[in-house]
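Visitor: I have a protein structure to look at, and I am new to this. Could you show me how to read its features one by one?

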Amino acid sequence: MKIGDLQGPLLGNLLQFDNAKPLAYLQDLSHKYGGVTYLRHGSTPILMVSSRKVAKQILKSQDSRPPVLAQQKLSYNGVDMAFSPYNPHWRETRRMCTLHLFSPKQILSFRPVSEAQVSRVVYKLHARLNQPANLSDMAMSLASNTIYGVAFGKTYDDDEYEKKKLDKLVLEAQALMVSFYVSDHFKVFGSLMIISTPFSSSESDIIDLMLKLKREKPDSITWDQIKALLMNLFVAGTDTVAAAIVWTMTALMLRLDIMRKTQEHIREVVGRKDNGIMITEDELMKLPYLKAVVMEALRLDPGIWEDPEEFVPERFLNVSDSDWEFKMIPFGGGRRRCPGMNMGMVSIHLALANLLYSFDWAGPPSAPPIDTEALPGFTMHKKNPLILLPTLPLS
Ligand code: HEM
């Protein structure tokens with residue numbers, strides 16, 4: 001394993017960073033400098049690890065969170081889970097959330113919310129057959145409505161004032177989280193606002209669970225913790241899911257043979273459904289090829305895989321989860337691994353299964369070719385929206 005050291009005098013490597021193609025840039029660095037590369041963003045040192053062995057060691061026992069000003073403010077001084085450093089508070093919060101919010105039983109209870117949201121999108125697309133549909137917007141709306149639904153039992157129409165306000169708050173929170181480049185890495189800047197949102201509750205949604213916990217064991221959770229955890233769900237659970245849906249559809253549009261194979265697989269397994277009946281969460285278990293396609297779309301690290309540039313879902317067939325552990329880490333790894341992974345994966349699979357089952361897809365005539373340019377940010381989003389034409393399958 002090579003160890004590289006690469007830093008500029010004042011801005012560090014900030015000016016060299018290729019925001020539009022972050023992966024290609026980082027991949028180049030790891031080829032040039034090895035499994036561990038030292039970088040600087042402004043005044044902040046960054047260790048980029050692309051060796052599976054070192055990543056495993058770090059993620060299992062070393063990782064924490066640096067105290068970043070914007071994130072501390074938005075998380076009520078780190079009383080949340082995602083931005084808390086590794087400490088007894090984080091361990092207790094993580095334990096509580098794993099037990100109450102992300103338990104398999106709880107995730108099962110969210111099922112009607114995700115199914116209703118996917119059904120809403122499919123219904124909308126049916127009403128717009130053969131017309132360009134902005135899948136990036138639709139995926140974002142689907143993901144945010146799913147989280148609003150499981151968090152406080154309410155979903156919204158896209159043009160509803162309250163939804164626009166909530167979406168704006170989540171986007172602002174995400175932008176502020178990333179604004180640590182300004183406020184922390186360049187300490188002369190930085191004034192911040194604290195977001196607080198009025199929430200309503202309905203039965204068995206997440207806010208209801210937390211209020212129940214508060215009623216039954218008042219010392220187990222504070223009001224700030226409740227607000228901070230809700231913020232975590234909104235910020236961590238919306239655009240991640242949307243981005244995964246968009247990138248998978250993008251990858252399939254670039255490999256129409258694999259798109260067709262996936263559609264044939266889904267349509268064959270699920271059989272004919274009439275009257276707008278949807279593929280349900282139960283049926284996802286019977287779709288291993290779709291799971292492999294999603295895994296392949298989430299696979300990033302080019303250094304570890306055979307034919308890394310090729311889109312080959314088959315590499316994920318007939319392998320167990322431990323075979324790819326730390327070979328790809330879209331959900332992180334070790335003790336801070338994403339607790340929303342199962343919930344997120346179900347949403348992604350449910351959306352894609354239904355989109356691919358219900359429609360055939362094509363690029364709009366005279367539209368530019370589908371590209372893979374990315375936007376900078378915590379979550380890697382496609383820079384140009386994915387606009388596609390949905391049509392009814394021929395048979
Ligand atoms: C495709 C979907 C998703 C992806 C790719 C993703 C990815 C990640 C990653 C990379 C981390 C950081 C892990 C680390 O530091 O090692 C993380 C943490 C987290 N994610 Fe997710 N996530 C997704 C969906 C969700 C969903 C749906 C939720 C909740 C509803 C969620 C909640 C969280 C929380 C609370 C943390 C912080 C955990 C901690 O610090 O202990 N995520 N996620």
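This is a predicted model: local features need pLDDT of at least 70, side-chain atom pairs count only at pLDDT 80 or more; totals for chains, interfaces and linings use all residues.

Visitor: How does one find empty space in a protein to begin with?

Guide: Rolling a probe the size of a water molecule over the atoms shows where empty space is left. Here, the second largest pocket holds about 600 Å³ of space. Its lining is made up of 20 residues, and those nearest the centre are Met 285, Asn 342, Met 345, Val 346 and His 349.

Visitor: Which helix gives the largest share of the lining of the second largest pocket?

Guide: That is α17, with five residues. Helices that each supply at least two lining residues include α5 (104-109), α14 (281-284) and α15 (288-298). The others in that group are α16 (321-324) and α17 (341-358).

Visitor: There is an iron atom in the ligand. Which residue is its only protein donor?

Guide: Look for Cys 338: its SG atom is the only protein donor of the iron, at 2.3 Å. You will find Cys 338 in the loop between α16 and α17.

Visitor: Now for helices. How can I check the length of one?

Guide: Take 1.5 Å times one less than the number of residues, which is the expected span. For α4, residues 88-100, the 13 residues should span 18 Å, and the end C-alpha atoms are 18 Å apart, so the two agree.

Visitor: What do "buried" and "exposed" tell me?

Guide: Buried means under 20% relative accessible area, exposed means over 50%, and partly exposed is in between. In α4, the buried residues are Trp 90, Thr 93, Arg 94, Met 96 and Cys 97. They cover an arc of only 165 degrees around the axis, so they sit on the same side of α4. On the face turned away from that buried side are the exposed residues Pro 88 and Leu 99.

Visitor: Which residues are buried in helix α2?

Guide: In α2, residues 52-61, they are Val 54, Ala 55 and Leu 59. Their arc around the axis is only 120 degrees, which puts them on the same side of α2. Exposed Lys 53 and Gln 57 are carried by the face turned away from the buried side.

Visitor: And what about α6?

Guide: Its buried residues include Arg 111, Val 113, Ser 114, Gln 117 and Val 118. Leu 125 is also in α6, which covers residues 111-126, and Leu 125 counts as buried because its relative accessibility is 0%. Pro 112 has its place in this helix too, but Pro 112 counts as exposed because its relative accessibility is 54%.

Visitor: How do I compare distance along the chain with distance in space?

Guide: Pick two residues and look at both values. Leu 125 and Leu 389 are 264 residues apart along the chain, with 9.4 Å between their C-alpha atoms. Pro 112 and Gly 149 are 37 residues apart in sequence, and their C-alpha atoms are 9.6 Å apart in space. For Ser 320 and Pro 369, the values are 49 residues in sequence and 36 Å in space, C-alpha to C-alpha. Ser 320 lies in the loop between α15 and α16, and its 37% relative accessibility makes it partly exposed.

Visitor: One last feature: the backbone angle phi. Where should I look?

Guide: Look for positive values in residues other than glycine. Asp 307 is such a residue, with phi near 40 degrees. Asp 307 is placed in the loop between α15 and α16 and is partly exposed, at 48% relative accessible area. Ser 366 is not a glycine either, and its phi is positive, about 60 degrees. Its place is in the loop between β5 (360-362) and β6 (374-375), and Ser 366 is exposed, with a relative accessible area of 79%.

Methods. Residues are numbered from 1 along each chain as its sequence is written. Side-chain values use heavy atoms; hydrogens and water are left out. On a 1 Å grid over the protein atoms alone, a cavity is a set of points where a 1.4 Å probe fits but cannot get out, and a pocket is an open set with protein on both sides within 12 Å along at least five of seven lines; lining residues have an atom within 4 Å of a point. Grid points are joined across faces, edges and corners, and a volume is the space filled by probe spheres set on the points. Helices (H or I, at least four residues) and strands (E, at least two) are DSSP runs, numbered from the N terminus. Donors are N, O and S atoms within 2.8 Å of the metal (3.2 Å for Na, K and Ca); water is not among the atoms, so sites may look incomplete. Buried means under 20% relative accessible area, exposed over 50%, partly exposed in between (1.4 Å probe, protein chains only). The arc is that of the directions from the helix axis to the C-beta atoms.
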